[in-house]
Amino acid sequence: MNFRPRAKDEPEINLIPFIDVLLVVLIFLMLTTTYSKFTELQLTLPVADAEQQRDHPKEVIVSVASDGRYAVNKTGVEGKSVDNIAQAMRAAATAGPGSVVIISADAMAPHQSVVTVMEAARRVGLTQITFATQSSAAGRAASR
């Protein structure tokens, strides 16, 4: 038996295969990006008036004040009952059941006021409801 310690070989990192792989990847990337110029589509986008885009007939904006008053499309609603709000929403929904109800409630408005608007929308048959908010940066700027 041979109990002499063997001379340990120092580990070495062979960089030549690594460099070969990187060069192949580099050549591949160079070839694929060269041909991308020829695959582009030339598009002429349609032109529209900005004022015409502002007209949103499918939107019914319901505003709720902090004291519980309502306005549908910037027109005040008499009374606070569900029937009064539903009647105003039915008149404002010119696109029919496809209209989108945007509830813009004050942060201090009672929860019941928002639920009342949702109930009125259900009675009219408007099922698409969204809520308007403002970003926190705008709220901080307004409070200064």
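Arg-122 is an exposed residue, with a relative accessibility of 55%. I begin with this side chain because that figure lies above the cut-off of 50% for exposed residues. The coordinates come from a predicted model, and every value I quote is computed from it.

Arg-122 pairs with Glu-119 in a salt bridge, and the closest N and O atoms are 2.5 Å apart. Both residues belong to helix H4, where a spacing of three residues amounts to about one turn of the helix. Glu-119 itself is partly exposed, at 25% relative accessibility.

Glu-119 also forms a salt bridge with Arg-123, here with 3.2 Å between the closest N and O atoms. Arg-123 likewise sits in helix H4, four residues from Glu-119, again about one turn of the helix. With a relative accessibility of 44%, Arg-123 counts as partly exposed. In general terms, side chains of opposite charge can pair when their charged atoms come close.

Which residues make up the network of salt bridges? The linked residues are Asp-83, Glu-119, Arg-122 and Arg-123.

Let me turn to the pair formed by Asp-67 and Arg-69. These two residues form a salt bridge whose closest N and O atoms are 2.8 Å apart. Asp-67 is partly exposed, at 43% relative accessibility, whereas Arg-69 is exposed, at 53%. Over the whole structure, the search finds four salt bridges.

Next, the nonpolar surface. A patch there is formed by Ile-13, Leu-15, Phe-18, Ile-19, Leu-22, Leu-23, Leu-26 and Met-30. Together these residues have about 840 Å² of accessible area. Ile-13 is found in the segment before helix H1, which spans residues 16-34. Its relative accessibility is 75%, so Ile-13 counts as exposed.

Finally, a word on confidence. The protein chain has an average pLDDT of 79, and 77% of the residues score at least 70. Which element has the lowest mean pLDDT, and which the highest? Helix H2, residues 50-53, has the lowest, at 51. Helix H4, residues 111-124, has the highest, at 91. Where pLDDT is low, the predicted coordinates should not be read in detail.

To return to the opening topic, helix H4 holds Glu-119 and Arg-122, and the mean pLDDT of helix H4 is 91.

How values were computed. Residues are numbered from 1 along each chain as its sequence is written. This is a predicted model: local features need pLDDT of at least 70, side-chain atom pairs count only at pLDDT 80 or more; totals for chains, interfaces and linings use all residues. Side-chain values use heavy atoms; hydrogens and water are left out. pLDDT is the predictor's confidence in each residue, from 0 to 100. Helices (H or I, at least four residues) and strands (E, at least two) are DSSP runs, numbered from the N terminus. A salt bridge is a side-chain nitrogen of Lys or Arg within 4 Å of a carboxyl oxygen of Asp or Glu. Buried means under 20% relative accessible area, exposed over 50%, partly exposed in between (1.4 Å probe, protein chains only). Patches are made of residues with over 30% relative accessible area and no salt bridge: like charges are joined within 9 Å, nonpolar side chains (Val, Leu, Ile, Met, Phe, Trp, Tyr) within 5 Å. Accessible areas come from the Shrake-Rupley method with a 1.4 Å probe; for residues, only the protein chains shown count as cover.
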